[in-house]
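Open the model in your viewer and keep the selection panel at hand. Each stop below says what to select and what is there.

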Amino acid sequence: MGIKQVRALTTTLPSVTWIPLARAHSERADQMTAGHRARRATGDKHAIEDFLYDYYGTRPSLLRRWHPGVGTGLSPAPDGLAEHAGWKFYLTYEDGVVTLDQDAFMHARAESVRYIHGLLTATASRPVFSGCFGLHEWAMVYRDTEHRHELPLRLGQEGTDQVVEQHTIRCTHFDAFRFFTPEAVGLNRLQPTRATQVDLDQPGCLHAAMDVHKWAQKLGPAVPGALALDCFALAGEIRLLDMQASPYDLTSYGHPPVKIETAEGKAEYVARQRELARRAAGLRSRLIRVCEALLGPEAAAQNREAVAPFNQR
């Protein structure tokens, strides 16, 4: 938050440009989080939507903060400096232009940036696999009477167990696999770990696609506001399909099931999965560019080379 004399910006936005952008961003974020904020005030829960807040630790107050992104400066407004001047990881030039302090940000988060860049790059290099049919959610309740959500199973426990036993489980994502019931763990063709995430994450996986929101949050102020909200919005759509294809009965929420135990349900799931994967790929590419802007050309190239052995697996 100190004052620097040497400018290293690619774009400087006048206040007549960035103030409306920041205002529109906050309004969009408020609309997207309105339901959760209202439930938080009353103590109500939502098995579908609250996942983005409970699991990812999303904070509406931070989501509504607009950031210009790496390399973009904000000229002073008529009434003074951009409020970003008082935010963490920002600096102010002598002429009052405020921008992300890349040096300070990388000093604090370089390891995370390298990891995120490597993981997203490796994931993006692989073909979409769409033969999982969302069975990870079924494996999370397999032969277990205690479930994560207070919702009935639409096929009952016995019918749910039969669906798991009649299918091949091929979950590649560790953060889904780690919630499998003990009886379901051995049924998975793969045994993902945190250490093998770079090796296994693939772009067709709903959880890997939903994680674009996770990585946007981790990159924080380096991510342009529009990209951050686009990632959050897509994660919400993915979460809906994730639950519609699950064994839970969502009648109370007004959402029809995607019956992946049927041929028609499988076809619907794959079609929606592939479209969500296509959209996630675009956001993933934009996040990779954010990482590369932070790392610089040489370090980014070295990081790409480091994860190259994992590509196309």
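Select helix 11, residues 225–244. Helix 11 is mostly covered, with 14 of its 20 residues buried. Buried means under 20% relative accessible area, exposed over 50%, and partly exposed in between (1.4 Å probe, protein chains only). Helices are DSSP runs of H or I with at least four residues, strands are E runs of at least two, and both are numbered from the N terminus. This is a predicted model: local features need pLDDT of at least 70, side-chain atom pairs count only at pLDDT 80 or more, and totals for chains, interfaces and linings use all residues. Residues are numbered from 1 along each chain as its sequence is written, and side-chain values use heavy atoms, with hydrogens and water left out.

Now check the length of helix 11. At 1.5 Å a residue, its 20 residues should span 28 Å, and the end C-alpha atoms are 29 Å apart, which agrees. The expected span is 1.5 Å times one less than the number of residues.

Axes are lines fitted to C-alpha atoms, for helices over the stretch in contact, and angles run from 0 to 180 degrees between N-to-C directions. The classes are: under 35 degrees roughly parallel, over 145 roughly antiparallel, 65 to 115 roughly perpendicular, the rest oblique.

Show side chains at this contact (heavy atoms within 4.5 Å). From helix 10, pick Leu206, His207, Ala209, Met210, Val212, His213 and Ala216. From helix 11, pick Cys231, Phe232, Ala235, Ile238, Arg239, Leu241 and Asp242. By class, the contact has 10 nonpolar, two polar and two charged residues. Ala, Val, Leu, Ile, Met, Phe, Trp, Tyr, Cys and Pro count as nonpolar, Asp, Glu, Lys and Arg as charged, and the others, Gly among them, as polar.

Step back to Asp201, in the loop between helix 9 (197–200) and helix 10. Is Asp201 buried or exposed? Asp201 is buried, at 3% relative accessible area. Beyond residues up to four places away in sequence, Asp201 touches Leu119, Thr123, Arg126, Thr172, His173 and Ala208. Arg126 is 75 residues from Asp201 along the chain, yet their C-alpha atoms are separated by 8.7 Å.

Next, select helix 4 (residues 102–124) and helix 12 (residues 263–295). They pack at about 140 degrees, with axes 8 Å apart. That makes helix 4 oblique to helix 12. The helix 4 side of the contact includes Phe105, Met106, Val113 and Ile116. The helix 12 side includes Leu287, Ile288 and Cys291. This contact holds 12 nonpolar, four polar and three charged residues.

Arg114, His117, Gly118 and Thr121 in helix 4 meet Ala300, Asn303, Arg304 and Val307 in helix 13. Here the count is two nonpolar, four polar and two charged.

Finish in the loops. Phe133 lies between helix 4 and helix 5 (135–139). Its phi is near 60 degrees, a positive value in a residue other than glycine. Phe133 is buried, at 18% relative accessible area.
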